[in-house]
Amino acid sequence: MIVDIASGANLAAAAAVAVCAGALNSVAGGGSLILFPTLVGLGLPTVAANVTNSVAQWPGYAGGVVGFRGSFTGQRRRLIHLSMVALWGGTVGAGLLLTTPSSAFDVLVPALVLLASLLLAAQPWLGRRLASARTGGDDRDPGGCT
């Protein structure tokens, strides 16, 4: 069945879910886990839904950087390391997205969404576990960037 993504009702639904995803991202993250499946459910192919989801979220990320810029004081080394990892991951991910057949992406998406959902759900437990593993007042972040 082909769904007309451009219908008024579908656009309104997508906009409403996008607002909810943005609100979720501002509080806890994970907005993609509701926006991406909604876009696919409304008939967008998975690759197009992924790109749309990513483009729709970057203004929120940019706003977060601006809003929390005061918190970055003294974090130069960490920001450089994490930016390098993000750049590498984004480059590899974009390359895979552009070179992987859409049919393969369709098969991988449910597993990736499930994995992301499980990691988000396990985040409090993982945080406690990492905090308890620290010894002697070691205040390094879990990624070892400080």
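Analyst: Happy to. In this predicted model, helix H2 passes helix H3 in a right-handed crossing (near helix turned clockwise from the far one by less than a right angle; left-handed if anticlockwise). H2 covers residues 32–41 and H3 covers residues 46–67 (helices are DSSP runs of H or I, at least four residues, numbered from the N terminus). Their axes lie 9 Å apart, at an angle of about 140° (lines fitted to C-alpha atoms over the stretch in contact, with angles from 0 to 180 degrees between N-to-C directions).

On the H2 side, Ser32, Leu35, Phe36, Leu39 and Val40 make the contact (heavy atoms within 4.5 Å). They meet Thr46, Ala49, Asn50, Thr52, Asn53, Ala56 and Gln57 of H3. This contact of H2 with H3 has six nonpolar, six polar and no charged residues (Ala, Val, Leu, Ile, Met, Phe, Trp, Tyr, Cys and Pro are nonpolar; Asp, Glu, Lys and Arg charged; the others, Gly among them, polar).

Now for the other neighbour, helix H1, residues 8–27. The axes of H1 and H2 come within 8 Å and cross at roughly 160°, and H1 and H2 are therefore roughly antiparallel to each other. Their crossing is left-handed. From H1, the contact takes in Ala14, Val17, Ala18, Cys20, Ala21, Leu24 and Asn25, and from H2, Ser32, Ile34, Leu35, Thr38 and Leu39. By class, the contact of H1 with H2 holds nine nonpolar, three polar and no charged residues.

Ser32 of H2 touches H1 and is also part of the contact with H3. Ser32 turns up again in the largest pocket, where Ser32, Asn50, Asn53, Ser54 and Ala116 lie nearest the centre among 16 lining residues (a pocket is an open set of points on a 1 Å grid that fit a 1.4 Å probe, with protein on both sides within 12 Å along at least five of seven lines; lining residues have an atom within 4 Å of a point). H2, H3 and helix H5 (102–133) each supply at least two residues of that lining, with H5 giving the largest share, seven residues.

Residues are numbered from 1 along each chain as its sequence is written. Local features need pLDDT of at least 70 and side-chain atom pairs count only at pLDDT 80 or more, while totals for chains, interfaces and linings use all residues, and side-chain values use heavy atoms, without hydrogens and water.

Key. Parallel < 35°, antiparallel > 145°, perpendicular 65-115°, else oblique.
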